[in-house]
Amino acid sequence: MRALIALIVIVYLVGVGVALSPTIQAKWSSASAAELASSVTQALPNAVAWPARAFHSVTDHG
């Protein structure tokens, strides 16, 4: 059971990283660290909601 929970948490965190990667790539070399952190902070709520977006896209609810 612990392994299943660990796998779910790992998949979730990888998904958050994938959702944040375009923001990080766009700002990595062209912005200061404060601007990068601000951009990541602004994108974080949408990134942590990736399971809901994936569910809606799979079930054609929007």
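Which residues make up the largest nonpolar core? In this predicted model, in which local features need pLDDT of at least 70, side-chain atom pairs count only at pLDDT 80 or more, and totals for chains, interfaces and linings use all residues, the core has six residues: Val16, Leu20, Leu36, Val40, Ala43 and Ala47. Residues are numbered from 1 along each chain as its sequence is written, and side-chain values use heavy atoms, with hydrogens and water left out. A nonpolar core is defined here as a set of buried Ala, Val, Leu, Ile, Met, Phe, Trp, Tyr and Cys residues joined through side-chain atoms within 4.5 Å. Helix H1 (2–27) and helix H2 (33–48) each supply at least two residues of this core, and H2 gives the most, with four. In soluble globular proteins, nonpolar side chains tend to be buried together.

The chain contains three helices and zero strands, where helices (H or I, at least four residues) and strands (E, at least two) are DSSP runs numbered from the N terminus. In sequence order the pattern is α-α-α. The C-alpha trace spans about 40 × 30 × 15 Å along its principal axes. The radius of gyration of the chain is 14 Å, whereas a compact globule of 62 residues would have a value near 11 Å; this quantity is taken over C-alpha atoms, and the globule rule is 2.2 Å times the number of residues to the power 0.38. Of the 62 residues, 15% count as buried, a class that requires under 20% relative accessible area, with exposed meaning over 50% and partly exposed in between (1.4 Å probe, protein chains only).

The 16 residues of H2 should span 22 Å at 1.5 Å a residue, and its end C-alpha atoms are 22 Å apart, which agrees; the expected span is 1.5 Å times one less than the number of residues. The buried residues of H2 are Leu36, Ser39, Val40, Ala43 and Ala47, and they pack against H1 and helix H3 (50–59).

Individual contacts (heavy atoms within 4.5 Å) were then considered. Not counting residues up to four places away in sequence, Leu20 touches Val40, Ala43, Leu44 and Ala47. Ser39, in helix H2, is buried, with a relative accessible area of 13%. Ser21 is located in helix H1 and counts as partly exposed at 28% relative accessibility. Ser21 and Val40 are 19 residues apart in sequence, and their C-alpha atoms are 9.3 Å apart in space.

Aromatic rings were also compared. Rings of Phe, Tyr and Trp (its six-membered ring) pair if their centres lie within 6.5 Å; planes under 30 degrees apart count as stacked, over 60 as edge-to-face and the rest as tilted. One aromatic pair is counted by this rule. Tyr12 and Trp50 form a stacked pair, at 6.2 Å centre to centre and with 25° between the planes. The pair links distant parts of the chain, with Tyr12 in helix H1 and Trp50 in helix H3, 38 residues apart. Tyr12 is partly exposed, with a relative accessible area of 31%; Trp50 is likewise partly exposed, at 23%.
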